[in-house]
Amino acid sequence: MAVPAAHASHVSAVQFDAALIRKLSQQGPRYTSYPTADRFTDQFGMGDYLQAVNSVRAMGARNPLSLYIHIPFCDKLCYYCACNKIITKNRSKAEIYLTYLKREIEMQGKLFAEMNQVEQLHFGGGTPTYLNDAQMADLLAHMRKWFRFATDDAGEYSIEIDPRTVSPERVHTLRAQGFNRISFGVQDFDPEVQKAVNRIQPEDLTLGVMQAARDAGFRSISIDLIYGLPKQNLITMGQTLTKVVAANPDRISIYNYAHMPALFKSQRRIAEEDLPSGETKLDMLSLCIKRLTDAGYVYIGMDHFAKPDDDLAVAQRQGRLHRNFQGYSTHAEAEMVSCGVSAISAVGSSYSQNEKTLEAYYERIEQGELPIARGIKLSVDDLLRRIIIQMLMCNFELSIKSLEMAYPITFANYFAAELEKLHALEADGLLKIDSEWLTVTPKGRLLIRNICMVFDRYLNSPREAKLERLKYSKTI
């Protein structure tokens, strides 16, 4: 049950407080889900997923679908990348993958028969444009056979692209194939930084592809940047920001590079002495916020900025912003069905994740099974805490009264232990609490993960070793 955001239209500024960030930054989840994906277990299987789908059907299947398709292949390795990807120039691998992916899409399509209206589609990776025009056309035709897609003006159909893998002609083809939103990996325009992360991407090439997207009539153009990469400094960051603002994308995401070479093998190729210091990273973040807000972009939350008339900014003002595995979204009520290796679905009161290796993924599909490796059924407590984390992440406030109307609890009693921790954060200036509202301050917005961590029962359980937090990136 969604909880209304009564005065979410107030969302405005974000305030950078270096001393506060230095004091409070710690390792913590990004909350693209709650419970977080590291809480999934292999006790959850295909039977549990079928049960979740049946529950949705039994409740009248009111919600549209959000489809996610994972294409894991890339031509080249970017050293900073922490995604589930396969580096190969052997194109036959994609052909094999597509035969299995189409079988999984068919299985899901049959499961969702008569409740298969899709209003949101996202192709991620890897590099989705690793597929050629013919492969993409064939895959989309197969998807349209098993799912009903909303019209172009009503649906949100997005694809991540690597500008190095597409021509302006290809961009026009993608628009003709039905995509109406496009997202570009840029990371940094500086040639030295690009060399240090093994992603040589000339500025002219990126801007040419962006112009092609405009000419082709894409509704929204989004750019991804990363701060904290090797060879970056305030001057290079400032130059990149100038170019990005001039390019005028609708949305900008600025991710904090988390250097975790023990977890991600490719990051071992980055020379640690080339990484900017923690202080420099903070200065870069401050610069990003100032330059983008001065240029008229709205701070959405976490690492996201958007133009005031963009759907994300409008949804936030109206209190209907949502957060899922793709980041911020305007489709709060959609059941999320994800296909492909390692993809995560959110259906009913459940999360489920597919097998992470091609071999295991193919083997399960060969057996006529959905390739679900693990997942979790959400308890009533999980659902309650998920709504709280969603509201805080998306609207920076929580109506205590609305929550008490939706759930049979008294907030002050149920969350007595959490309120003690929240009052400490209130003393630090991160939020304000009264009997009816919990409101995050402009200073607290950058540290929203810290506030949400207070409500994370798994993170705060006695069994949770402090060391376990080290698997997460820093909250800032």
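Guide: A nonpolar core is a set of buried Ala, Val, Leu, Ile, Met, Phe, Trp, Tyr and Cys residues joined through side-chain atoms within 4.5 Å. Buried means under 20% relative accessible area, exposed over 50%, partly exposed in between (1.4 Å probe, protein chains only). The largest such core here has 136 residues. Ile69, Leu101, Phe123, Leu139 and Leu392 have the most contacts inside it. This is a predicted model: local features need pLDDT of at least 70, side-chain atom pairs count only at pLDDT 80 or more, and totals for chains, interfaces and linings use all residues. Residues are numbered from 1 along each chain as its sequence is written, and side-chain values use heavy atoms, with hydrogens and water left out.

Visitor: What makes the link between lysine 23 and aspartate 428 a salt bridge?

Guide: A salt bridge is a side-chain nitrogen of Lys or Arg within 4 Å of a carboxyl oxygen of Asp or Glu. The closest N and O atoms of lysine 23 and aspartate 428 are 2.5 Å apart, so the pair qualifies.

Visitor: Why is lysine 23 called exposed?

Guide: Its relative accessibility is 55%, so lysine 23 counts as exposed. Aspartate 428 has 22%, so that residue is partly exposed.

Visitor: Which salt bridge does arginine 30 form?

Guide: The side chain of arginine 30 meets that of aspartate 303, at 2.9 Å from N to O. The pair ties together parts that are 273 residues apart in sequence.

Visitor: Why is aspartate 303 called buried?

Guide: Aspartate 303 has 8% relative accessibility, so the label is buried. Arginine 30, at 28%, is partly exposed.

Definitions and conventions:
Helices (H or I, at least four residues) and strands (E, at least two) are DSSP runs, numbered from the N terminus.
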